[in-house]
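Student: I have a model open and would like to learn how to read it feature by feature. Could you walk me through it?

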Amino acid sequence: MNKKIDHLVLCVRDLDLACERYRQLGFTVTPRAVHPFGTGNALVQLDGMYLELLAVVDPNKIGPDDIDRPFSFAVYNRDFLRLREGMSMLALQSHDAHADRAAFIKAGAAVPEVFDFERKGQTPDGAQVDLGFSLAFASHPLLRHGVCFSCQHHHPAENFYFPEYQNHINSAVSIDRIFLTHWAAEAVEEFFSSMALDGLVDVKHQDELLEKYPVAGTMLPDDGFAGFRLRVRDMGAIRAAALSLGAIECGGELVLPPSRMFGVMMVIAQQKAA
């Protein structure tokens, strides 16, 4: 059975600016939150999944650069931002991070120990709630800037997902495709297939993706996540805002270039009929 998206980690240098840009597109953005290890975020909650806008907010809390240390979420994303903004990680839904870790090892991924942490969340009425997560990371030697991990939530959904945060004036519903560009696309595609991610991650060479979505002047990464496809209930509810930010029309879809979306190509498409 193929795995499902939990969330996308979208690294930005200016969290406030990114939040404002997503609000311009008609998204409801949650209040900012902080992690105990130096990063902070704000979320765009969708139907059972979300976008995580992530920034380094306190570099002094990020551990030292040490090649012998286990994989560090904060160090990895800090170093990613030193290179570029964009989608740094794909998180998958999980009911058991330790079982996922074992499966990742079987698939041939490089896998550190499961990482547990807690933070506070804020409800729409301003109350503070406890949130806890267990993360099982999986990487591949060819994917230095495209790490996957499973994300197990330890507190009930009522502490995390709220209808007020999932209601967007642009009618956004879900993400159904991740785009990844890589110079060794065939080998990377085989890795994702072994991870039960067939049909979710679309792996292509740069020129192949640009041929499908010709965003003028855009340079896509040659070893990482290039963007995602967003499904909306009503294209008319997002069209004007997307066009005002430089989107192009492409085969019935709208394509926002990475230059306007903090290093991420956002493809917007009509929700499929039930």
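This is a predicted model: local features need pLDDT of at least 70, side-chain atom pairs count only at pLDDT 80 or more; totals for chains, interfaces and linings use all residues.

Student: Which residues make up the negative surface patch?

Tutor: Glu-208 is one of them, along with Glu-186, Glu-189, Asp-207 and Glu-211. Two elements give two or more residues each: α5, spanning 185-194, and α6, spanning 206-212. Helix α6 supplies the largest share, with three residues.

Student: Let me zoom out. How many helices and strands does the protein chain have?

Tutor: There are seven helices and 14 strands. For the overall dimensions, you can compare the radius of gyration with what a globule rule gives for the chain length. Here the radius of gyration is 18 Å, close to the 19 Å from the rule for 274 residues, so the chain is as compact as a globular protein of that length. Along the principal axes, the C-alpha atoms fill a box of roughly 50 × 45 × 40 Å.

Student: And what percentage of the residues count as buried?

Tutor: Of the 274 residues, 55% do.

Student: Now the charged pairs. How many salt bridges are there?

Tutor: The criterion is a side-chain nitrogen of Lys or Arg within 4 Å of a carboxyl oxygen of Asp or Glu. By that rule the count is 13. One of these joins Asp-16 and Arg-32, whose closest N and O atoms are 2.8 Å apart. This pair links distant parts of the chain, 16 residues apart: Asp-16 is in helix α1 (residues 15-24), and Arg-32 is in the loop between α1 and β2 (33-34).

Student: How accessible are Asp-16 and Arg-32?

Tutor: Asp-16 is at 47% relative accessibility and counts as partly exposed. Arg-32 is partly exposed too, at 43%.

Student: Which residue does Arg-101 meet in a salt bridge?

Tutor: Its partner is Glu-113, with an N to O distance of 3.3 Å. Arg-101 belongs to helix α3 (residues 97-106), while Glu-113 lies in the loop between α3 and β6 (115-122), 12 residues apart. Glu-113 has a relative accessible area of 57%, so it is exposed.

Student: Where are the two residues of the Arg-177 and Asp-202 pair?

Tutor: Their closest N and O atoms are 3.8 Å apart, which makes a salt bridge. Arg-177 lies in strand β9 (residues 172-182) and Asp-202 in strand β10 (residues 201-204), so the pair ties together parts that are 25 residues apart in sequence. Arg-177 is partly exposed at 22%, whereas Asp-202 is buried at 13%. Elsewhere, salt bridges with shared partners join Asp-176, Arg-229, Arg-231 and Glu-253 into one network.

Student: What should I look for in the backbone angles?

Tutor: Most residues other than glycine have a negative phi. Ser-171 is not a glycine, yet its phi is positive, near 70°. Ser-171 is found in the loop between α4 (163-166) and β9, and is buried, with a relative accessible area of 7%. Phe-262 also has a positive phi, of about 60°. Phe-262 lies in the loop between β13 (253-256) and β14 (265-270), and is buried at 10%.

Definitions and conventions:
Residues are numbered from 1 along each chain as its sequence is written. Side-chain values use heavy atoms; hydrogens and water are left out. Patches are made of residues with over 30% relative accessible area and no salt bridge: like charges are joined within 9 Å, nonpolar side chains (Val, Leu, Ile, Met, Phe, Trp, Tyr) within 5 Å. Accessible areas come from the Shrake-Rupley method with a 1.4 Å probe; for residues, only the protein chains shown count as cover. Lys and Arg count as positive and Asp and Glu as negative; His and the chain ends are not counted. The place of a charge is taken as NZ of Lys, CZ of Arg, CG of Asp or CD of Glu. Helices (H or I, at least four residues) and strands (E, at least two) are DSSP runs, numbered from the N terminus. The radius of gyration is taken over C-alpha atoms; the globule rule is 2.2 Å times the number of residues to the power 0.38. Buried means under 20% relative accessible area, exposed over 50%, partly exposed in between (1.4 Å probe, protein chains only).
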